[in-house]
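Please look over the chain shown below before reading on. This briefing takes up a turn between strands, then the strand pairing, the aromatic pairs and the chain as a whole.

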Amino acid sequence: MDTTPYASRLRYLDAKDIDNSVVNFSGLNVRGADGSKLGDVDGFVVDSGSGRVLYTVVDSGGWFRSRRLLLPIGHATVDREAGALDVDVSRDALKSYPEFDEKRFTAFSDEDFRAYDT
């Protein structure tokens with residue numbers, strides 16, 4: 001049972017903790033609009049009240065520094081045959097998305113998330 005104190009209704013769900021009987025999301029490739037690899041699925045941000053997934057957390061990888069980014073779920077579809085999450089975002093556009101810091105995330109209030117969504 002997760003005992004992490006959150007300031008909002010939103011929770012981070014690590015992809016490793018999701019039942020993988022249909023799709024194994026842990027490390028699933030994330031492909032951009034042009035088919036290039038943008039990173040891997042790290043997890044999801046979920047509304048604890050409704051269970052609705054709002055964001056995909058993408059680990060953009062990298063040799064020396066890995067960035068975890070929040071991508072609104074509406075930009076993604078699962079390609080089960082290819083084992084990938086396809087997004088309608090380019091690599092350049094993804095660079096402008098906010099970085100996901102799990103420690104700071106727990107302190108975000110519902111108001112902070114409304115501001116982000118805007």
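Which residue takes a positive phi in the hairpin of β6 and β7? In this predicted model, the residue is glycine 83, whose phi is near 65 degrees, and the hairpin has four residues between the strands.

**Strand order and pairing**

- The protein chain has three helices and seven strands, and read along the sequence these elements follow the pattern β-β-β-β-β-β-β-α-α-α.

- Because tyrosine 12 lies in strand β1 (residues 10-14) while phenylalanine 100 lies in the loop between α1 (91-95) and α2 (102-105), the pair ties together parts that are 88 residues apart in sequence.
- Tyrosine 12 is buried, with a relative accessible area of 8%, and phenylalanine 100 is likewise buried, with a value of 4%.

**The pair of phenylalanine 25 and phenylalanine 44**

- Phenylalanine 25 and phenylalanine 44 form an aromatic pair that is edge-to-face, with 5.3 Å from centre to centre and 85 degrees between the planes.
- Phenylalanine 25 belongs to the loop between β1 and β2 (29-31), whereas phenylalanine 44 belongs to strand β3 (residues 37-47), so the pair ties together parts that are 19 residues apart in sequence.
- Phenylalanine 25 has a relative accessible area of 19% and counts as buried, because the cut-off for that class is under 20%; phenylalanine 44 is also buried, with a relative accessible area of 6%.

**The chain as a whole**

- Of the 118 residues of the protein chain, 33% count as buried, and the chain exposes about 7,400 Å², of which carbon and sulfur atoms supply 48%.
- Among contacts between residues at least 6 apart in sequence, 52% join residues that are at least 24 apart.

Technical notes. Residues numbered from 1 in each chain as written. Predicted model: local features only at pLDDT ≥ 70, side-chain atom pairs only at ≥ 80, totals over all residues. Heavy atoms only, no water. Helix = DSSP H or I, 4+ residues; strand = E, 2+ residues; numbered from the N terminus. Buried < 20%, exposed > 50% of the residue type's maximum accessible area, 1.4 Å probe, protein only. Phe/Tyr/Trp six-rings, centres within 6.5 Å; stacked < 30°, edge-to-face > 60°. Contact = heavy atoms within 4.5 Å. Areas by Shrake-Rupley, 256 points an atom, 1.4 Å probe, with all protein chains shown as cover. Pairing = 2+ DSSP bridges.
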